[in-house]
Amino acid sequence: MKALLLIDLQIDFCPGGALEVKEGDQVIPIANALMEKFELVVATQDWHPADHGSFAANHPWRKPGQVIDLHGLEQVLWPIHCVQGSFGAKFHPTLNQAGITKVFVKGTDSTIDSYSGFFDNGHRKATGLGDYLKEQEVTEVYIMGLATDYCVKFTALDAVELGFTTHLIEDASRGVNLQEGDVAQAVSDMQEKGVSIMASSTLLGD
Ligand code: VGL
Ligand code: ZN
């Protein structure tokens with residue numbers, strides 16, 4: 001069984017959002033088209049409490065982009081984004097939500113961030129995604145979404161580690177590029193760890 005994993009296709013990661021990813025909205029039509037090709041479509045949703053430790057605003061005098069130690073883990077600080085129940089945390093309005101079988105939320109613990117859709121950044125707690133995919137007898141995952149250099153990357157690396165044959169749909173993903181070259185580096189890191197890099201056209205047949 002194959003599954004399509006849609007990573008964080010939320011308003012805050014699209015242009016005009018709180019943590020906007022350049023051209024983030026351009027992957028939404030690709031997601032909608034790809035859904036038609038999969039029996040199982042799973043989405044992740046970044047879903048932070050307002051007091052989340054990844055928000056610069058929750059640390060005295062800190063600014064987005066700075067790096068701190070958050071309970072023993074290196075943490076990049078972000079603008080306030082994807083707050084539970086907020087407008088920006090919603091899926092992009094043109095995403096075909098009816099095509100999504102199941103949603104897994106992440107980043108719900110204030111004390112730790114969660115880039116991967118499978119585990120928090122300390123690999124302390126699972127979101128349930130891994131067990132769910134195994135229950136569904138999934139062996140192969142196709143990953144796309146936002147952002148290539150954070151949540152997409154760490155989801156793909158965990159997928160490999162969990163034993164899934166893992167594909168990155170590169171043109172259906174966009175990155176933050178906090179530093180120039182971060183996206184290219186993320187793609188090569190994924191490839192090096194066994195993720196196959198592919199284009200949506202391979203699945204869509206165009
Ligand atoms: C993400 C930074 C902070 C992502 C989520 O979805 O890639 N990046 N929270
Ligand atoms: Zn986040």
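## Loop and cis bond

A147 is found in the loop between β6 (140-146) and α3 (148-161); helices (H or I, at least four residues) and strands (E, at least two) are DSSP runs, numbered from the N terminus. A cis peptide bond joins A147 to L146, with omega about -5°.

This is a predicted model: local features need pLDDT of at least 70, side-chain atom pairs count only at pLDDT 80 or more, and totals for chains, interfaces and linings use all residues. Residues are numbered from 1 along each chain as its sequence is written, chains are lettered from A and ligands numbered from 1 in the order written, and side-chain values use heavy atoms, without hydrogens and water.

## Ligand site

L146 and A147 are also among the residues around ligand 1, where near means a heavy atom within 4 Å. The others include D8, D46, W78, H81 and C151. The shell divides into 8 nonpolar, 1 polar and 2 charged residues. Here Ala, Val, Leu, Ile, Met, Phe, Trp, Tyr, Cys and Pro count as nonpolar, Asp, Glu, Lys and Arg as charged, and the others, Gly among them, as polar.

Polar contacts are pairs of N or O atoms within 3.5 Å. A polar side-chain atom of H81 lies 3.1 Å from a nitrogen atom of ligand 1. A polar backbone atom of C151 is 3.1 Å from a ligand 1 oxygen. For a polar backbone atom of L146, the distance to a ligand 1 oxygen is 3.4 Å. The protein covers 100% of the 260 Å² of accessible area that ligand 1 has on its own (Shrake-Rupley method, 1.4 Å probe).

## Aromatic pair

The count comes to 6 aromatic pairs, with ring centres of Phe, Tyr or Trp (its six-membered ring) within 6.5 Å. One of them, F104 with Y132, is tilted, at 5.5 Å centre to centre and 55° between the planes; planes under 30 degrees apart count as stacked, over 60 as edge-to-face and the rest as tilted. F104 sits in strand β5 (residues 102-106) and Y132 in helix α2 (residues 129-135), 28 residues apart.

Definitions and conventions
A polar contact is a pair of N or O atoms within 3.5 Å; within protein, one must be able to donate a hydrogen and the other to accept it, and residues adjacent in sequence count only if both atoms are side-chain atoms.
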